[in-house]
Amino acid sequence: MTSRSYSNLLDLAAGNAPTFSRDRKRFSRVATVTGALSELDDENNNSVDSNPPSSVSQERVIIVGNQLPLRAHRSLDGSGKWCFSWDEDSLLLQLKDGLGEDIEVIYVGSLKEEVDPSEQDDVSQTLLETFKCVPAFIPPDLFSKFYHGFCKQHLWPLFHYMLPLSPDLGGRFDRSLWQAYVSVNKIFADKVNEVINPDDDYVWVHDYHLMVLPTFLRKRFNSVKLGFFLHSPFPSSEIYRTLPVRDELLRALLNSDLIGFHTFDYARHFLSCCSRMLGLSYQSKRGYIGLEYYGRTVSIKILPVGIHIGQLQSVLNLPETESKVAELKERFRGQTVMLGVDDMDIFKGISLKLLAMEQLLMQHSDKIGEVVLVQIANPARGRGRDVHEVQCETKATVQRINETFGRPGYVPVVLIDTPLQFYERIAFYVIAECCLVTAVRDGMNLIPYEYIICRQGNEKLDETLGLNQNALKKSMLVVSEFIGCSPSLSGAIRVNPWNIDSVAEAMDSALVLSEQEKQMRHEKHYRYVSTHDVAYWARSFLQDLERSCRDHMRRRCWGIGFGLSFRVIALDPNFRKLSLDHIVSAYKRTKSRAILIDYDGAMVQPGSISMNPNTEVVGILNNLCRDLKNVVFLVSGKGRETLTEWFSSSEKLGIAAEHGYFVRANHEAEWETCVSVPDFDWKQIAEPVMKLYAETTDGSTIETKESALVWNYQYADPDFGACQAKELLDHLENVLANEPVSVKSGQHLVEVKPQGVNKGLVAERLLTTMQERGMIADFVLCIGDDRSDEDMFEVIMSAREGPFLSPVAEVFACTVGQKPSKAKYYLEDTSEILRMLQGLVNASEQTALRPYRPWQVTIEE
């Protein structure tokens, strides 16, 4: 399956666009009965087994957006009936072109118009049968709190980098608005539940209005194939972290299989938030970015949306467009038109654009009478005092400029703040020599793309404009560096819209560039825009969604957590939770047991300030050691002096320190080394390097062991710490290239230790020594929590095929937490481990009166 991401833009801009196959596998699905699924209890259906069986064959995509791609109005014949038609301008409708004719598309969303409750059933039936649309009817009061309240008052300003520092700037967080937001998302989820076949259907959710919808869908159907695309910017972590419900929204999005963003910056900010607030790290593998989240891989897609070129070209061919172009040509004869098309809101930078125009006319008086700025101001999508202030400021600035520089027959700025027909706007694109987009923050903004296509024109428009049909087309773009389409338009003049002088200079440059330069820039942009239309974007996203969901049927899923903290844990079918009854039963049947327990993270909670063992831990270990059938070893990365002090009362406990470099069979035995190391001169090379990074990385520390050096950045800034860790790893590998050591990175650390030292040595030597003493183990329990413990798991799992274990040996490799591991079992946390070990102690005490010959085991060199 072919998929391209943001890194391919240079190739794509050069016209080397990939083609996508439409030969897609057809999956079976069931036509569900409306309302049937709502009878099931969401709270108690967290298992994938609750999904109904499939029967009917056809692939289907359910597209969910805030509003359905429909226009609605009452009939003009006096009957009062509702009339519906497709909204050709809706992105949700346009993306259907990229999904293929063999794919059924169902739309779920709300209607712009309010429908009386008595009419809702009839309207729902009509829309489903005629348009395959499922309307979500939201009470007006609830919708106002949801859309004008939480979406437009909290999310939209914050995602555009505006903090609610005062009541005038968005206002303080209102939990009732948040509750309305969640309630509306739940209504949308119920509507999806009415039509979905979770085994086969793909669900594609759009934009910030429905950010918690993935949680509701994942809770109902653990293996639902779910994609989400954010059409707005995603702010930096320093901005996003101010949102009181920040964790809830992040976790909700992570219940998707694929999350899409327009630019790498937006994706980078999201990943940074996941790292800083949820402690999640991401990896890039074979060009795909993925987050590991409770056994599931959440993929990240980076691809800007395109436009529907066919729609634009059809409007360009209209006779109305041709007439309007002729009218505008005559109106602006002898003048150069620069065009701005923006919504009337605070983030579109209209006033900054006008100030730059004023600056241009002040600095270049020769432009007076020759250059006209046409500003089309579309009605604002939101409402409030800020919108009114923008309108007043815009009109005042336009009036001032026109009074200062205007002449008879010349108006420097033409402000159009009344609604235009689409063909009228297209006509302005056609005649404009330059398009200006100076938004201070915008998600994507497709105005430049539309402008490029319209400037390509057609034969009739060329004739109307008096152009040679064989001549190369030209266009110029001045775009803000803060809009989503900016990275993909490499031929545009990028500006900081806050720098008025810079924008004025860019406007002048766009006017005076040579014709050849304008033609080359236009050709470059046209190649990109024409090959990256909305169909390409939709096709690419769905193919990546298919790839992300490929392993769904192969994994077992469990739902855990309540409310918006719900998440699904996906595991390999052979990876399961360790049952206390199962291990106790095996424990009672066996007579020669090897028990290896990692200390850090398994016996003590990770992140604890105090790593000292408590009385419960010491007591459990001592009780296990009292059973003469057991050989118990504690394996740790700590130094031997520390472990000797901590477990001074554990006389029969075997200890392996510094990841197995030092071992001791019991309290009376001497410490031995598992690997012979001639000297540690390499420390004199490595320690100064680590000190340099410790000094420059606030929060990092150096742990000096007898056999190793560890640089730990657990309490440093996660992004900076990870960056420094990579640099340190490369630095140490270079300076220690000729030394008998290994340099490895781990969870928030970089470690240098002698070659061959790992925890697997402890397991291997223990099993070997028991076998040499005639104690062939018939029970092996190994518990660990991180990457260093995987060596122990590998040794004991492979030992089943050798002479070190009984042919009927019970082997339990158990990791802490549900994550990819060589272990076959898991327990959730330290408390479950201690509970399980106490269960073994209880089993030993029950059989303590049975006579048994004691064995003495010594770990030899």
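Student: In what order do the 6 strands of the open sheet that contains E16 and E19 lie, and how are they paired?

Tutor: Strands of a sheet pair through backbone hydrogen bonds, either parallel or antiparallel. In this predicted model, the 6 strands follow the order E16-E15-E14-E17-E18-E19, and the pairing is parallel. The edge positions are taken by strand E16 (413-416) and strand E19 (493-495); each has a single partner strand, so one side of each is left without a neighbour in the sheet. On average, neighbouring strands of this sheet are turned by 20° against each other, direction ignored.

Student: Which bridges connect strand E18 to E17 and to E19?

Tutor: Strand E17 (residues 434-437) is joined to E18 over 4 bridges in the parallel sense. One point of reference is Cys434, whose bridge partner in E18 is Met476. Strand E18 (residues 476-480) in turn pairs with E19, also in the parallel sense, over 3 bridges. Here Ser480 has Val495 in E19 as its bridge partner.

Student: What does the order of the 9 strands in the open sheet containing E22 and E27 look like?

Tutor: That sheet has the order E22-E34-E33-E32-E23-E24-E25-E26-E27, and its pairing is mixed. Strand E22 (576-577) and strand E27 (672-673) stand at its edges with a single partner strand each, so one side of each lacks a neighbour in the sheet. Strand E23 (residues 593-598) and strand E32 (residues 777-784) run parallel and are joined by 5 bridges. Within this pair, Ile597 stands opposite Ile783 in E32. Helix H26 (residues 790-798) packs on the sheet and touches E23, strand E24 (630-635), E32 and strand E33 (805-816). The direction of H26 makes about 160° with that of E33.

Student: How is the packing of helix H12 against helix H17 described?

Tutor: Two packed helices are described by the angle between their axes and the distance between the axes. The axes of helix H12 (residues 350-363) and helix H17 (residues 500-512) come within 8 Å and cross at roughly 65°. H12 and H17 are therefore roughly perpendicular to each other, and their crossing is right-handed.

Student: How many helices and strands does the chain contain?

Tutor: There are 27 helices and 34 strands in the chain. Of its 861 residues, 56% are buried. Among contacts between residues at least 6 apart in sequence, 73% join residues at least 24 apart.

Key: Residues are numbered from 1 along each chain as its sequence is written. This is a predicted model: local features need pLDDT of at least 70, side-chain atom pairs count only at pLDDT 80 or more; totals for chains, interfaces and linings use all residues. Side-chain values use heavy atoms; hydrogens and water are left out. Two strands pair if DSSP finds at least two bridges between them. Helices (H or I, at least four residues) and strands (E, at least two) are DSSP runs, numbered from the N terminus. Axes are lines fitted to C-alpha atoms, for helices over the stretch in contact, and angles run from 0 to 180 degrees between N-to-C directions. Angles under 35 degrees count as roughly parallel, over 145 as roughly antiparallel, 65 to 115 as roughly perpendicular and the rest as oblique. A crossing is left-handed if the near helix is turned anticlockwise from the far one by less than a right angle, and right-handed if clockwise. Buried means under 20% relative accessible area, exposed over 50%, partly exposed in between (1.4 Å probe, protein chains only). Contact means heavy atoms within 4.5 Å.
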